[in-house]
Amino acid sequence: MKADNIRTLRGPNRWSDDTLLEVIAVADSDLATPATFGRLRGSIPKELADVTQAVWDRSEATDSYHGEACLVAELTAAFQRLAGCEIGKPTVHTLDSRNFRILVQYQEEEVGRRALALAFDLLVAVREDRQVDLAAAIRELRKFNQSVRLGPSTGAIVRAAEARGIPTRRLTEGSLVMLGYGSRQRRIWAAETDRTSAIAESIAQDKELTKSLLGAIGVPVPEGRSVESAEEAWTAAQEIGVPVVVKPRKGNQGRGVSVRLTTREAVMAAYEIAVAHDGEVMVERQVEGCDFRLLVIGGRLIAAARREPPTVMGDGKHTITELVDIENQDPRRGEDHATSLSKLRLDAIGREMLAEQGLTVESIPEASKVVVLRRNANLSTGGSAVDVTDEVHPLVAERAIDAAAMVGLDVAGIDVITSRIDQPLDITRGAIVEVNAAPGLRMHIEPSEGTPRPVGEAMVNSIFPHGENGRIPIVAVTGTNGKTTTTRCVAHLLQMSGRRVGMTCTDGIYVENRRLDTGDCSGPKSARAVLGNPRVDAAVLETARGGMLREGLGFDWCDVAIVTNVGEGDHLGMGGIHTVEELAKVKAMPIRRVSAQGAAVLNADDPLVVEMAKLCRGSVIFFSRHPESPVLVSHRNKGGKTVTVRDGAIVLGVGREERKVARLTDLPLTLGGKIGFQVDNLLAAVAAGHALGLSIDGIRTGIETFMNDLKTVPGRFNVVAHRGATIILDYGHNSSALVALSEAIEKMPHRKRKIVYTAAGDRRDEDIRRQAKLIGDFFHEIYIYEDQCTRGRPDGEVMQLMREGFGADRRERVVLQESGELAAIGAAIASLHSGDLLLCQVDQVELALDYVTSLCRQGDGHPAASHPGKVKSTAAVLPATAS
Amino acid sequence: MHIRKILTLVGPNIWANYSVLEAWLDLDHYDTKPSSTLPGFVDRLTAWLPSMIEHRCSEGVRGGFFMRLRDGTWLGHVLEHVTLELQSLAHLPVGYGRTRETSERGVYRVVVECLEPTFAEACLRTGRELILAAIDDTPFDVKANLRRLRELADQVCLGPSTQAIVSAAKARGIPHVRISHGNLVQLGYGKAQRRIWAAETAQTCALAESIAQDKELTRQLLYSVGVAMPAGRAAEDREDAWDAAEELGLPVVVKPQDANHGRGVSICLEDRDAVMTAFDIASREGSGVLVERFVSGTQHRVLVVGNQAVAASGGEAEHVIGDDTHTVEELVAQANQDPNRGEDSAQPLTTLVLDDISLELLRRQGLDKTAIPATGRKVIIHYNGDLTVDETERLHPDTAASCVIAAQTVGLDVAGIDVIAEDIARPLEAQDGAIIEVNASPGLVMHLKPLVGKPRPVGEAILNHLFPIGETGRVPLLAVSGTNGKTAVASLISAMWSASSRTVGEASSRGLRVGSRVLSNADCATAASVRRLLVNPFVDAMVVETDEIRVIREGVLFDRCEVAVVTNLGSGDHMAEQYVDDRTLIGKAIRTPVDVVALDGCAVLNADDPDVATMAEKCRGRTVYFTKSPTSEVARKHLEAGGQVVFLEGSTIVAQEKRQRRAIVDLGDMDFLHDRPLGAHAIVVENVLAATAGGVVLGLTPTSIRAGIQAALAETEDALFETNGRRLLVTSARNPSAFAAWGSALGDVLGQAKRHAILEVATDWRPEDAKEMSRLAAENFASLTLVVHDDAPPTVQNLSEIFEHAKLARENALSAAIDRIERIIGAAGTSDFIFVAPSKRSGKDLANEHCTKRNMVRLS
């Protein structure tokens, strides 16, 4: 069995709202599966026995390809769980006797993929009778997971954000995370926020400066000064009074720090250690007491921990090296910051420490003697942390908050040394010894002892005040026809209301009218780019089926989802979607992700779309050109909202009431209401605008000023005048679009109707024939050509299918142009007489438009067309779309 | 001639409203020798420092000082001018100087304006040496000394970027405080402060700086907002670098992953060898190597501040031009002679260095460093050039917009965007230009001092970004000065202000307080304590007691105040301090806060003290008088002129302006004043009056003022104890004015009760002060015990004569005098009153502590 196609569904998708791997597993041979299973049973490691048992237990599953697929699914899930990911049960769909669809959740994409590969490998290995060191592979996977997943601190923040409904996204493989969308987004990097001042961090790095600033506002600090030689260090120590601390002026995590020094020798030796870390060395009064870390976030004390240095306890039998090894067996002790304790180390500093206690690594300390391995109590060097948040005296908390404020840090770890944290510092003669930027949060989230503190929540609360969720309004637009125009129109409405709008559509990505990307940008990747853009106040996202199938949605929730229609569908037969009903299910995906406060905007004339209302958590607004549509009437009777056309005007119905939005004659996009499909698009946009809270006046101004021209909306029903003939350029290439286009063209005055057309090769045979039939029935002259990329069909096949569709009686009106799109367009334009109407179905949009523009300019005295790069239309500039 | 002492007076002082250095210069044997009597001195001096011709001095004309020199002037005066000149020649121009005699013959105070104390001091000392050399006709290398002084100035002064912002702040009247030896500066005071560090602001977030450091991450983020940087990727090794170059298309750029200032960057690499060599160079920087598509054009720098591109500069690649004679190496050396070139960030051109990258570049130009290029041939030394030409006005708006988007996407409020373009006046797309880098904390020198084109006000831009127009960076500061009652008035006003929901910072001799917190109990009427208030980010109102002797010795530190309250100019305080020889000096010190009252500020002056009343003339803001007598002439005139007066009418404090009278507080209604064991005695009333006037000027409501009086008096400093019917008051009366005030107050309150006094001799009494104290004691007390420390000034050593009727207790510490108190209590009659007046705060605390320990009943 092998993976035929692996998709990573990174957002809500048609199977579930979780991130999934979608794998098509194909039975690759007629190898007898029972043998495989038998062998597998024998070689499966203990920890996977439960997993496999579950598969075996379903007797019908065993000894079949289906069983094998189930096994792959279960193993992939099990490997991920063993690696430390929390995921749900996998699912297996039978496509046919040899093809299966496996759906398995993942937390970390790469871990999921590796787990999947491992599952397939295992199957192959067993079949080939090869030994697999599964335990080692799983260990490796666990390690890998630890290296790629968010650390505990950032993980806690991300979980807290998600619990508050704030979307999150990692921006790097590291800990840089974006919380929220667009202009509401905030960033965090471990315990740093985007409000953490760079200057404050520099100040915190400079202990002397920090101390002087804290001293200025009356925060108790240990007195001391910086020294330039070992000799001077001792002089300073005598001035200050021993015991003293000697440490590098800059530095962190306790590196190079020596404490409780009383003798000249010790001070001078400590100077050398410190100077090796940083040129500048400080000598300070030793403040007696325990080492406490207070975490201040947003001007509040969130957590406090007492930190203890790493120790081992003698047993009279083992050497210190052995005791350390034994202690390091504790599973809580990990190699990195990912676990609650770090491994003990016996490095130079550790050995020095032992030497001071008269010990070496080979010494065997007597039973219950405590050997200190390091003076400082940092977690990273093996220390431990006991939560003492509830014991902190309010005045100590106040001083810590003052210290953070004075340095200017929004998130700070304040190191306090005091004999009792439940007494004010002036009583205990304790002091604040350091202010740390980007403090470790692990000791508070997973203290070695005591209550874990909601640090992640505090971080999130500090950057998102109560009631804010970091979201910007999101409108998702899907359907078979009219998506792009509707998307553009909704974006236009939002823009008119003063928002900086980010928009994705089949023409590209636009932010504040700047085009950031070209090409088809209707997928989740583009959606994510817009949602990540810090200048975007509102997003309007064309959401096409391809992206949804390939990767899921690019957002978690939206405020408004519009489905223009399903119609006769498009792209059927692709991506496992064979019927319009299946397609409708895909198109309903954004509707399922409308938030409870949001709204679905649905086409009342399309039964498949009407059905989607049931899936929406929020409210529903139906639109239709037909005010008497039973769907509209019954929706309004139930108090629902509708948008329709009555007496030549777009009206918004709310329950019994109906408010006029705009007269059709004032809407340039619809050619005074003549172009029906454009009316539909505007109805949907009006409904969306209303759902977004825009005023009726604002919406009216918006749709009255919304138009399509070659420049802003290329390839969407652009109308061009040429020698008295009219050329319409449009991108539409499916049956529904052709019907809508024909309907619109019929209303325009013309002598003869001509068309340049091709069908895309990746459509079903019957779809290509149907398109040809529609064209043949409607147009007087037809220029067809074969697309450059026939999308998988042999040359000539598309033409053949189209010919079949035209029917024998119309074939004489068909001109086949062998040499491609531009040649076909050229021939068609050359044939135009005054009063003719030519519909150019443009495929390579920009190329074709340029070509048409240049043809029209040559030898055509029409002033409107003589402007380079700009093509104007006859009647009015007619903008529009049908796709 | 030697310098006895140097005082640094920070901020306004008795000499000027800005910082000065005050040196006590002893002329030694030159005290009889003016300049004209020293042979050759004037000629040598004028030859060494010819530019002093500009010093107009008292003559008021160009060359005025040289005229004085020839006519004969004292060397102190000469030192003043030389010091000023040295500072100016070392690029820190200053103009103010004064030289005054002291009471001691041959000793002068030489006062010079000072921008940086350590530097000014070095100039002063150098000046002295220069003068001595000129007198003795010994050699003095003026040039070398100036060079040394300039180097020192560079070390101690702010860097050019920081200075530009600070200067902009000064122009807008926003004060600044340096909070480290480097470029960390606080703009504004207290709660209104914002910090800057070179071109980093308080709003620059560390996270954005980390993003800007990471080129790959920056590229991704910018790509997603449509600001495309050149394509590129990280390269693992030399081979991979070449693979990357081939993938991207030649030519390419190879640079370290977190490159800064063009270090390790090789540009326009066309072949395999060049790419590999460049990889080696870049990988030495240690952070990983990036290969990027090469964008042709010259480098430009666009400075983005907030949401605007405020400046742009461009320049050429670093190059030398051949002359058919010199080798490349020699040409480089010649170019480096240009005074505009240097390692210093203040210089517009950097020193040309022939490093590996340049050698490689030379090789590609078919040269090496010993080659002699033909005349006119341009030899590129480094592709990244110095940015010397201001291009701000040519910057295309689309490019400006892209730069702003780039900065905002990375998250920087101030950013330098590196742009490659053939012509910055055309859009980038049109010429295949690109943004190649986003830099945090960009240098500003290129915009401040372009070699070609206009300097750009980038300091102003950053300042206005931090302090939008209309923000002053200030929290209101009220200063209280005067010989008597200033501590009490300060604490009363603090309490009133606190009652109106302000976080008041108070620095006074009773301590340092912020809000309800006591930061220090020691005497904090000092410049150092004021500094602690100015940097405190919680303080949104400041009350500062300015002690006259400290003003004389330290300056007041704050650059201006909104309100200055002056209680009185009594007599007898500090007069024995060295060179505080006359009352005028004390008067000037007390007046100093009045001199720096803001234009829209106010002086609150005691109309009943003629010396204080006339200070109004020196006030740039308005004046409000307070007086005990509503009929006061000064007050009447002031009212007629439309001014405001606060006065006592019966027991009511009234504020009047024109015809409008407002009763602020009726002391008769304030029970607590009468409940006090000593009642509402005159001193309390006077202090309350002055403080109320301050409160009125601050716009506080009568309710706040009353609440403040109540709160302040409840924690009065003066402690009254009772033991077996005898009452004992511990208070301060260290000068004649205070002692006199207490004498008369006690007379009013106590009537016939027998009074004893224990007085500690203050170290700064002059003989006449001691005599006055003696007279007052005899007038008001039945017995006087004098506590004399060994460090009492020699001028009053003859105490037994002066205080003929007093018992002298010669003690080294007041602790021993405690016994004395005990004995006096023992000897006193049952209804007697004992007045204890230590001269220092510590003594007062000690006495209070003793009485409390002895279980005396504290009455207040």
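**Close-up 1. The salt bridge between chain A and chain B.** In this predicted model, the rule finds one salt bridge across the interface of chain A and chain B. Its partners are B:Arg517 and A:Asp402, with the closest N and O atoms 2.9 Å apart.

**Close-up 2. The side of chain A that touches chain B.** Helix 13 (394–407) of chain A is among the elements that each supply at least two residues here, and so are strand 7 (186–189), helix 8 (207–216) and strand 25 (514–518) of chain A. The largest share, six residues, comes from helix 13 of chain A. Sorted by class, this side has 17 nonpolar, nine polar and eleven charged residues.

**Close-up 3. The whole contact.** Chain A brings 37 residues to the contact and chain B brings 38 residues. About 2,900 Å² is buried between the two chains, and carbon and sulfur atoms give 62% of that area.

**Close-up 4. An open sheet in chain B.** Eleven strands with mixed pairing line up here in the order 23-22-21-24-20-25-26-27-28-29-30. Strand 23 (517–520) and strand 30 (660–666) of chain B are the edge strands, each pairing on one side only. From one strand to the next, the twist averages 15°.

**Close-up 5. Strands 20 and 24 of chain B.** Strand 20 (residues 477–481) and strand 24 (residues 541–545) run parallel and are joined by four bridges.

**Close-up 6. A helix across the strands.** Helix 24 (residues 682–697) of chain B lies across several strands, including strand 25 (561–566) and strand 28 (644–649) of chain B, and runs at about 145° to strand 28.

Methods:
Residues numbered from 1 in each chain as written. Chains lettered and ligands numbered in written order. Predicted model: local features only at pLDDT ≥ 70, side-chain atom pairs only at ≥ 80, totals over all residues. Heavy atoms only, no water. Contact = heavy atoms within 4.5 Å. Buried area = accessible area lost by both parts, 1.4 Å probe. Salt bridge = Lys/Arg side-chain N within 4 Å of Asp/Glu carboxyl O. Nonpolar A, V, L, I, M, F, W, Y, C, P; charged D, E, K, R; others polar. Pairing = 2+ DSSP bridges. Axes fitted to C-alpha atoms, helices over the stretch in contact; angles between N-to-C directions.
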